[in-house]
Amino acid sequence: MLAERAKAKINLTLDVLYKRPDGYHEVEMIMQTIDLSDHLVFHESSGNAILVSCTAPYIPTDERNLAYKAANLLKQHFSIDDGVSIHIDKRIPVSAGLAGGSADAAAALRGLNQLWNLGLSLEELRELGAQLGSDVPFCLEGGTVLARGRGEVLTRLTPAPPMWVVLVKPAFAVSTADIYGGLQVNEISSRPNAADMLEAIGACDTVGIAAGLGNVLEQVTFAMYPEVERLKRKMIELGGDHTLMSGSGPTVFSLFDRESKAIRLYNALRGFVKEVYISTFY
Ligand code: ATP
């Protein structure tokens with residue numbers, strides 16, 4: 001038996017530079033792991049099968065599950081005949097812009113590397129992870145990271161100073177593909193300044209980090225789902241001075257340098273939104 005935690009991420013910045021000839025968008029993102037995590041447990045099982053179970057009934061547990069895909073990739077790649085059962089205690093909101101599925105894939109690669117004694121390095125795991133999704137290499141790396149390319153070209157940064165995060169997940173899902181599909185790169189009206197954010201992180205400057213938040217996908221998601229923009233406004237009104245949508249949304253988060261301020265917003269939001277979380281940088 002073996003257990004792994006799969007941690008969610010938020011984007012401190014998300015910029016899309018251009019659309020590439022291969023159809024992908026060239027991105028520049030500063031990502032931060034947070035302490036909101038799924039818990040995965042792995043058991044060796046008789047036979048050859050991969051069995052996935054999950055506490056969230058709406059997540060597929062067959063070959064569409066990202067943890068299943070990770071296990072299958074290792075089995076194929078290293079001709080492994082062993083069976084495994086993977087249980088996912090799902091705590092990260094799904095289709096939310098928090099990379100929950102990618103985090104599960106990364107946790108499965110890490111866990112099975114141990115369970116099956118594969119001895120793979122982080123670099124080898126990252127290469128395999130990139131085959132499962134653009135965010136999987138980041139989820140393997142964790143911490144504070146600058147991601148370029150499709151999101152898989154990583155530069156590890158000095159860890160950001162501790163900060164508190166209040167997150168709200170609206171009651172609907174957003175498809176990342178739909179949001180990128182709706183983005184017109186030449187119509188991006190305002191971009192985050194990655195250089196300023198890198199400087200703020202390097203200087204452990206929480207004020208600079210909070211001030212530098214930016215995500216070019218907000219304008220697309222807000223146009224498709226005006227409720228997300230309303231939610232952002234509400235969070236600002238209730239004291240979330242530094243508030244941003246994560247990834248392609250619809251989760252919106254507020255950053256704080258003091259826990260007491262985060263708790264105040266968390267309590268204020270709990271009255272009228274169902275899915276609200278409080279977390280920290282990890
Ligand atoms: P990103 O920020 O990378 O776009 P996301 O948070 O928006 O990710 P996820 O929660 O990772 O989205 O999942 C999106 C889709 O992946 C859903 O349709 C879900 O059914 C599918 N999926 C497959 N496996 C998993 C898993 N283990 N956990 C969550 N979703 C999974």
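Phe138 touches Lys9, Met31, Gln32, Thr33, Gly143, Val145 and Leu154, leaving aside residues up to four places away in sequence; contact here means heavy atoms within 4.5 Å. This is a predicted model, in which local features need pLDDT of at least 70, side-chain atom pairs count only at pLDDT 80 or more, and totals for chains, interfaces and linings use all residues. Residues are numbered from 1 along each chain as its sequence is written, and side-chain values use heavy atoms, with hydrogens and water left out.

**Phe138 and its setting**

- Phe138 is part of helix H4 (residues 136-141); helices (H or I, at least four residues) and strands (E, at least two) are DSSP runs, numbered from the N terminus.
- With a relative accessibility of 1%, Phe138 counts as buried, a word that stands for under 20% relative accessible area, with exposed for over 50% and partly exposed for what lies in between (1.4 Å probe, protein chains only).
- Between the C-alpha atoms of Phe138 and Leu112 there are 18 Å, and the two residues sit 26 residues apart along the chain.

**Helix H1**

- Helix H1 (residues 66-77) has 12 residues and should span 16 Å at 1.5 Å a residue, which agrees with the 16 Å between its end C-alpha atoms; the expected span is 1.5 Å times one less than the number of residues.
- Ala67, Tyr68, Ala70, Ala71, Leu73, Leu74 and Lys75 are the buried residues of H1.
- At the N-terminal end, Asn65 caps H1, with a side-chain oxygen 2.9 Å from the backbone nitrogen of Ala67.
- Just after H1 comes Ser79, with a positive phi of about 45°.

**Around the ligand**

- There are 19 residues around the ligand, and Ser95, Gly101, Asp104, Asp135 and Thr176 come nearest; a residue counts as near if one of its heavy atoms lies within 4 Å.
- For Leu98, a polar backbone atom is 3.1 Å from an oxygen atom of the ligand.
- In Gly101, a backbone N or O atom lies 2.7 Å from an oxygen atom of the ligand.
- On its own the ligand exposes 620 Å², and the protein buries 80% of that; accessible areas come from the Shrake-Rupley method with a 1.4 Å probe, and for residues only the protein chains shown count as cover.

**Cysteines and Pro162**

- Searching the whole structure turns up 0 disulfides, a disulfide being a pair of cysteine sulfur atoms within 2.5 Å.
- For Cys54, which is in no disulfide, the nearest cysteine sulfur is that of Cys139, 16 Å away.
- Cys54 counts as buried at 16% relative accessibility, whereas Cys204 is partly exposed with a relative accessible area of 45%.
- Pro162 lies in the loop between strand S6 (153-156) and strand S7 (164-168), and its relative accessible area of 63% makes Pro162 exposed.
- Pro162 and Cys204 are 42 residues apart along the chain, and their C-alpha atoms are separated by 8.9 Å.

**Thr221**

- Thr221 belongs to helix H8 (residues 218-224) and counts as buried at 0% relative accessibility.
- Leaving aside residues up to four places away in sequence, Thr221 touches Ile179, Val228, Met245 and Ser248.

Methods: A polar contact is a pair of N or O atoms within 3.5 Å; within protein, one must be able to donate a hydrogen and the other to accept it, and residues adjacent in sequence count only if both atoms are side-chain atoms.
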